[in-house]
Amino acid sequence: MEAVHDHHAADHDHHQPSGLMRWITTTNHKDIGTMYLWFSFIMFMVGGAMSMVIRAELFEPGLQFISPERYNQMITLHALIMVFGAIMPAFVGFANWMIPLQIGAPDMAFARMNNWSFWILPVAGSMLVGSLLAPGGAAGTGWTLYPPLSVQSGMGMDMAIFGIHLLGMSSIMGSINIITTILNLRAPGMTLMKMPLFSWTWLITAYLLIAVMPVLAGAVTMLLTDRHFGTSFFSAAGGGDPVLFQHIFWFFGHPEVYIIALPAFGVISEVIPAFSRKPIFGYASMVYAIASIAIISFFVWAHHMYVTGIPLTGQLYFMYATMLIAVPTGVKVFNWVATMWRGSLSFETPMLFALGFLFLFTLGGFSGLVLAITAVDVQLQDTYYVVAHFHYVMVAGALFSAYAGAYYWLPKWTGHMYNETLGKWHFWLSLIFFNMTFFVQHFLGLAGMPRRIPDYALQFADFNRISSLGAFGFGLSQLLFLYIVIKTIKGGKKAEANAWGDAPGLEWTVPSPAPHHTFEVPPVIK
């Protein structure tokens with residue numbers, strides 16, 4: 001039987017397509033992971049260009065570059081492209097590359113479906129970007145697509161709805177693939193509780209995606225029928241309720257935040273132990289914390305809706321439930337810090353991005369706790385304080401951890417070491433410009449500047465100028481990353497089998513003798 005199998009394998013290699021067809025038809029998890037990562041970076045640049053337009057408009061008061069309608073279209077597409085086109089595909093790219101390697105699987109469970117779930121994405125991305133060219137322009141509703149505005153918008157809105165459907169299909173197929181791979185294709189001896197934490201976070205994230213993506217699909221389908229088929233799900237005149245849309249949307253939207261954050265936590269849980277030279281502290285508690293975050297994320301959706309007139313008891317419930325989610329998140333932060341405690345630390349670029357993540361994501365978590373308090377949120381709702389909060393969670397959280405993962409695994413992916421000096425430049429420039437852009441927005445929000453407006457009162461001019469300069473700096477710094485990656489792919493110092501020296505392997509699942517001061521092993525009492 002083996003001989004027959006080998007003959008078929010040789011035969012298969014003989015007919016392997018090359019050039020462009022290799023990428024279009026590939027079923028190799030590494031190729032597909034690579035395509036996800038490149039697609040996400042292209043979308044990141046497109047979404048970033050849109051944010052540059054936003055910040056150029058806000059550089060000083062008065063209308064300068066684009067009309068208010070175009071401004072709102074930029075806001076909407078910037079958000080949709082960054083969330084669905086940049087951050088999510090980046091982590092799916094990591095999942096495709098690393099999960100089979102981490103659990104000892106030959107490939108993903110459904111290799112052809114894997115190819116399809118990727119190739120839907122460029123079509124969906126084109127629908128979103130192309131909606132700018134539709135009559136009347138793209139949807140100008142903000143990424144939340146609230147009716148009645150989204151019911152009355154032009155054709156760009158339909159393109160956005162179609163794009164979102166496609167993105168949801170891709171996510172659901174990818175998730176089925178990840179769950180099946182992890183549950184069925186683990187190597188002998190690789191029990192779930194021995195799995196690297198990155199694989200754990202993706203197992204839980206995939207369940208989240210399957211649970212909430214159909215909810216978003218339902219919401220945008222109801223929008224579509226309200227727009228074209230005479231239904232009134234969200235129209236009060238026909239007996240519907242616009243607030244119903246918000247409930248459905250945020251029942252997807254809040255778990256979505258954790259769909260983005262959990263794989264980020266997984267990457268950080270790989271990087272920090274490697275550069276601390278010791279295993280993660282409290283592995284089991286990390287797994288339980290990831291699971292509890294995922295479960296609680298379903299019970300907090302209406303904290304986005306304190307000003308919609310929900311009953312006071314409802315507001316109180318959502319306030320306490322939201323504060324509860326800080327507990328497992330805190331467990332994770334303490335475990336990361338405990339992992340570094342008395343470790344043999346070194347500060348290569350992946351570790352720098354992981355530490356940047358740790359500080360700034362925690363800060364974003366605290367501003368989230370502030371917004372959880374109903375009375376405070378009623379004042380800060382739809383101000384720049386909210387914008388600052390979620391960019392600390394999304395950019396310093398998800399993006400920084402994606403960079404940590406990219407630098408950490410680049411030697412494994414390319415066989416070459418990246419330029420460490422340039423990597424550190426990329427980190428420090430990103431860190432400084434990120435804080436310059438978004439830290440001042442907390443003050444703008446506290447002073448009452450509303451979000452999604454192209455013009456503002458003179459009192460907000462100074463902070464907006466600082467924010468815009470920071471954004472241009474941050475955007476330019478990301479071109480350095482592109483240069484580093486291309487340079488690494490083309491060549492550079494050969495990566496050794498263990499790229500990070502005496503770090504415990506690229507995966508720390510291999511048992512190593514415990515250091516003499518470990519707290520995992522109880523002391524022997526004589």
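Helices (H or I, at least four residues) and strands (E, at least two) are taken as DSSP runs and numbered from the N terminus. The model is predicted, and local features need pLDDT of at least 70, side-chain atom pairs count only at pLDDT 80 or more, while totals for chains, interfaces and linings use all residues. Residues are numbered from 1 along each chain as its sequence is written, and side-chain values use heavy atoms, with hydrogens and water left out.

A nonpolar surface patch is formed by L363, F439, F443, L446, F463 and I466, which together have about 500 Å² of accessible area. Two or more residues of the patch come from each of α16 (420-446) and α17 (461-490), and α16 gives the most, with three residues. F463 has its place in helix α17.

The accessibility classes are buried (under 20% relative accessible area), exposed (over 50%) and partly exposed in between, with a 1.4 Å probe and protein chains only.

| Residue | Relative accessibility | Class |
|---|---|---|
| S131 | 1% | buried |
| F463 | 32% | partly exposed |

S131 lies in the loop between α5 (111-130) and α6 (149-152), and its side chain reaches the backbone oxygen of L128 at 2.6 Å. Leaving aside residues up to four places away in sequence, S131 touches L77, S126, G137, A138, G156 and M159, a contact being heavy atoms within 4.5 Å.

The pLDDT, the predictor's confidence in each residue from 0 to 100, averages 92 over the protein chain, and 92% of the residues score at least 70.

Key. A polar contact is a pair of N or O atoms within 3.5 Å; within protein, one must be able to donate a hydrogen and the other to accept it, and residues adjacent in sequence count only if both atoms are side-chain atoms. Patches are made of residues with over 30% relative accessible area and no salt bridge: like charges are joined within 9 Å, nonpolar side chains (Val, Leu, Ile, Met, Phe, Trp, Tyr) within 5 Å. Accessible areas come from the Shrake-Rupley method with a 1.4 Å probe; for residues, only the protein chains shown count as cover. A salt bridge is a side-chain nitrogen of Lys or Arg within 4 Å of a carboxyl oxygen of Asp or Glu.
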